[in-house]
Amino acid sequence: MGKTKIDYATKVWNPVEGCAPCSPGCDNCWARRQNYTWACRRDKIGDLARRVKDWDGSLAETGRWNEPFSWKRPQRVFACSRTDIGLFYPDAWFNLCLTMRNCPNHRFLLLTKRQYGVYHLYHSMSNQIAFPANAWLGVTVCNQEEAAQKIPSLLTLPNKTQHWVSVEPMLDYVDLSPWLHPAKIGWVVCGGESAPRDRVRPIHVEWVHDLMEQCQAAGVPFYFKQWGNLTHTSGGDVYLAKNHFIPTLFSKEYRELPDALKLEGEA
Ligand code: SF4
């Protein structure tokens, strides 16, 4: 268990599932589509998929709280990819932090689109459990408006929390420079949208190039994850099938990781 197609992580861990759309970036939510597929095969997944398939904010625990203990080698774990930790109830937040704290050999990556929910949980639960030092907390943004809303709130959390920003799906030009000089963000990930052909929205080559240059100028690692299904180029829109998300920008791959997230043997 725990294998992932999210290529900046070596494992994925989903102790809780369920969410609700809250952003333009949610319009083609991968997790929702995945859960719907599973719900249609309910003999395999059962009640869990049925409970979350409506994607109305209901959460369901998967029984995998202890899964990271089974990975003997250190892993970079993308946690909670099929929910939003900003929706968590106190017990779920406690259990999430407890497992991460008790697996100090792994690095955990967390993302939210609900920065205020995370802010509230982070502080209201701090007398019961501290946020683990081996967890990186990030926000997902898809345009400049979301960057301005979400990043300042993320940065109010204590510095010992490593912060990162995922610009995916990138739906517009995004200027992160207010938070890159000096660098308050430790890592930037960027990617285009994966979605059915009739609904996918394009990522523009110049947006990616500009964001890469912003990060390079600030010395912040930049990870270009994927073009997604539709790329806007100077020659027009290019549709890419699922297996051709070649993540190169002008023939170069940008798969930079912060040193603190590198596993043994990674350059
Ligand atoms: S926050 Fe994430 S998991 Fe939740 S609906 Fe939006 S894209 Fe899907």
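This is a predicted model: local features need pLDDT of at least 70, side-chain atom pairs count only at pLDDT 80 or more; totals for chains, interfaces and linings use all residues.

Biologist: What makes V165 buried?

Modeller: V165 has 27 C-beta neighbours inside 10 Å, so the buried label applies. V165 belongs to strand β7, residues 162–167. Leaving out residues up to four places away in sequence, V165 touches G138, V139, V141, I151, L176, I185 and V188; contact requires C-beta atoms, placed from the backbone, to lie within 7 Å.

Biologist: How do you know that the length of helix α4 agrees with what it should span?

Modeller: The expected span of a helix is 1.5 Å times one less than its number of residues. For the twelve residues of α4 (residues 90–101) that gives 16 Å, and the end C-alpha atoms are 16 Å apart, so the two agree.

Biologist: Which residues of α4 are buried, and why do you say that they line one face?

Modeller: The buried ones are W93, L96, C97, T99 and M100. Seen down the axis of α4, they fall within an arc of 165°, so they line one face of the helix. The arc is that of the directions from the helix axis to the C-beta atoms. On the face turned away from this buried side sit the exposed residues P90 and D91. As for partners, the buried residues of α4 pack against β5 (107–112), α5 (115–124) and β6 (135–141).

Biologist: What makes strand β8 mostly covered?

Modeller: Five of the five residues of β8 (residues 187–191) are buried. W187, V189 and G191 point one way and V188 and C190 the other way. In a regular strand the side chains alternate between the two faces of the sheet.

Biologist: How do you know that β8 pairs with other strands?

Modeller: Two strands pair if DSSP finds at least two bridges between them. Four bridges join β7 to β8, in the parallel sense, with W164 opposite W187. β8 also pairs in parallel with β10 (residues 222–226) over four bridges, where V189 has Y223 as its bridge partner.

Biologist: Which strands pair with β4?

Modeller: β1 (residues 11–13) pairs with β4 in the parallel sense over three bridges, and K11 stands opposite V77. β5 and β4 are likewise joined in parallel by three bridges, with F78 opposite L109. Both faces of β4 (residues 76–79) are covered: R76 and F78 on one side and V77 and A79 on the other are all buried.

Biologist: What makes β9 and β12 edge strands?

Modeller: They belong to an open sheet of three strands, in the order β9-β11-β12, with mixed pairing. β9 (203–204) and β12 (236–239) each pair on one side only. β11 (residues 230–233) and β12 run antiparallel, joined by four bridges.

Biologist: Is C80 buried or exposed, and why?

Modeller: C80 has 25 other C-beta atoms within 10 Å, so C80 is buried. Phi of C80 is near 65°, a positive value in a residue other than glycine. C80 lies in the loop between β4 and α4.

Biologist: Which residues surround the ligand?

Modeller: The shell consists of C19, A20, P21, C22, C26, C29, A31, R32, D84 and K113; for this, a residue's C-beta atom, placed from the backbone, must lie within 6 Å. By class there are seven nonpolar, no polar and three charged residues. Ala, Val, Leu, Ile, Met, Phe, Trp, Tyr, Cys and Pro count as nonpolar, Asp, Glu, Lys and Arg as charged, and the others, Gly among them, as polar.

Notes. Residues are numbered from 1 along each chain as its sequence is written. Helices (H or I, at least four residues) and strands (E, at least two) are DSSP runs, numbered from the N terminus. A residue is buried if 20 or more other C-beta atoms lie within 10 Å of its own, exposed if 12 or fewer, and partly exposed in between; C-beta atoms are placed from the backbone. Two residues are in contact if their C-beta atoms, placed from the backbone, lie within 7 Å.
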